[in-house]
Amino acid sequence: MARSVRLVPTLPAATLLAAALVLTACGGGVHGTPGGSGVRDPYFPKAGNGGYDVTHYGLRLAYDPDAHHLTGTATLTARAAKDLSAFNLDLLGMEVEKVTVGGETARWNRAGQELTVRPHDDIGRDETFRVTVRYSGAPETVTDPDGSQEGWLRTTDGVLALGEPTGSMAWFPGNHHPSDKAAYDLTVTVPQGLRAVSNGELRSETTARGRTTSTWHMARPMASYLATVAIGRFGISRSRAGNLPVYTAVDPAEAAASRAVLGRIPEVLRWAERRFGPYPFSSTGAIVDRAASVGYALETQTRPVFPGAPDITLLVHEFAHQWYGDSVTPKSWRDMWLNEGFATYAEWLWEEDHGGDSAQETFDALYSGEYFDTEEAGEEIWDFPPADPPSAARISDPPVYWRGAMVLQKVRQAVGDDRFFSMLRGWAAEYRYGNADTADFTAYVEQRAPGADVEGVWDEWLYGEEKPGRS
Ligand code: TRP
Ligand code: ZN
């Protein structure tokens with residue numbers, strides 16, 4: 001600094017005192033307004049909340065599978081984006097027992113998934129505040145617009161928490177939208193004999209008076225849909241992939257069928273690091289469970305969940321999501337193809353790099369329809385453009401996966417292999433631990449490949465309603 005400026009003007013003491021009195025009279029001098037009940041997601045308008053950013057979730061949970069009873073205390077550390085007189089959290093079902101803000105009891109009310117908190121004093125813009133919610137009850141199952149089940153799902157021996165796109169609001173209050181990522185510390189207490197497995201690193205596990213408490217730490221920002229807890233009788237295995245700790249939890253009924261594929265985690269990571277760049281987190285692993293109501297795998301951060309023993313392709317898919325989806329997270333649910341198109345493309349690349357079909361061959365088979373068993377399945381991928389699903393029920397539909405991956409193959413054709421592979425790594429590096437949308441992606445490609453003819457790729461493959469012509 002070349003010069004210093006005195007920012008505090010000299011005022012008579014009486015004036016300062018009068019100003020201080022006025023400030024106290026209106027609660028710290030802040031005239032806040034309520035934060036919004038959503039962040040205008042085009043598909044889930046009530047998801048997330050306006051007016052603040054969560055930086056940390058501290059969750060203390062106790063669950064008894066026999067009684068299906070969950071008790072929780074959620075402590076969120078957040079930063080106000082504006083002056084707030086009230087703000088919302090998303091929580092579906094459960095009974096709220098107490099809410100405090102900055103240690104003081106706060107009033108609250110509930111309407112659907114919206115928990116509106118009215119702190120004793122208004123919160124000033126840029127202020128960091130801490131809100132604690134004590135709650136309990138029987139968590140509800142969330143049925144997605146597409147009919148799949150998520151939330152706090154019961155298994156034969158416990159529970160499996162899955163949150164894409166909105167299930168996490170069934171087991172903890174939060175800012176449940178992918179645009180607000182935060183660090184997590186999670187403590188779970190379960191009956192002795194069961195185990196609770198979550199994201200990140202296991203910090204401690206202790207048993208006392210018939211109950212086991214596990215503490216998990218996720219240091220890197222995580223979207224709430226990627227948080228998980230699996231409770232059950234798991235076979236646990238700890239190993240290393242290079243220096244990276246690997247922690248797997250496998251339902252005994254799936255152990256034999258899982259062993260060989262999970263043994264390939266180090267190999268998949270080595271390959272993925274070569275293709276996508278450094279692995280973004282400080283541990284890895286997998287959860288293989290059995291839940292009758294779950295027919296899908298999920299890329300839960302550091303420790304993907306599989307509903308039964310995965311094959312190598314599915315393992316590659318969920319591991320690729322750690323870069324594309326978990327580290328680089330969509331800004332809204334419209335940008336799902338940035339998750340699923342990339343993870344599907346990773347499957348093609350794995351095959352290409354292991355003596356199978358090239359990505360171009362896979363692309364060609366999809367284009368011609370040969371790839372699928374039925375003509376109907378082959379047609380489905382042209383139902384809508386990957387960057388613009390027609391409704392919330394279709395954000396995980398075939399065009400998002402297959403045509404999303406085809407967009408990447410078209411980019412590869414346009415920019416050439418060298419630039420394409422450096423873009424795969426560069427995209428993961430540029431938006432590491434953050435959020436991105438489709439416009440960020442197209443801008444990124446255009447900037448890294450000036451002069452490449454990608455306009456048509458965007459118009460026809462990414463945004464075009466019709467099946468693009470052969471070119
Ligand atoms: N994102 C998961 C994957 O592809 C799939 C998934 C998770 C899903 N939740 C869903 C698909 C709900 C349909 C509906 O790895
Ligand atoms: Zn996926």
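In which helix do histidine 317 and histidine 321 both lie? Select helix 4 (residues 312–323): the two histidines sit there four residues apart, about one turn of the helix. Helices are DSSP runs of H or I with at least four residues, and strands are runs of E with at least two, numbered from the N terminus.

This is a predicted model, in which local features need pLDDT of at least 70 and side-chain atom pairs count only at pLDDT 80 or more, while totals for chains, interfaces and linings use all residues. Residues are numbered from 1 along each chain as its sequence is written, chains are lettered from A and ligands numbered from 1 in the order in which they are written, and side-chain values use heavy atoms, with hydrogens and water left out.

Next, select the zinc ion (ligand 2). Its protein donors (N, O and S atoms within 2.8 Å of the metal, or 3.2 Å for Na, K and Ca; water is not among the atoms, so sites may look incomplete) are His317 (NE2), His321 (NE2) and Glu340 (OE), at 1.9 to 2.0 Å. Along the chain, these donors follow the spacing H-x3-H-x18-E.

Now display ligand 1. Glutamate 340 also places a polar side-chain atom 2.9 Å from a nitrogen atom of ligand 1. For glutamate 299, a polar side-chain atom lies 3.0 Å from a nitrogen atom of the ligand. In the side chain of glutamate 318, an N or O atom is 2.6 Å from an oxygen atom of ligand 1.

Finally, select asparagine 175, in the loop between strand 12 (159–162) and strand 13 (182–191). A polar atom of its side chain lies 2.5 Å from the backbone nitrogen of asparagine 49.

Terms used: A polar contact is a pair of N or O atoms within 3.5 Å; within protein, one must be able to donate a hydrogen and the other to accept it, and residues adjacent in sequence count only if both atoms are side-chain atoms.
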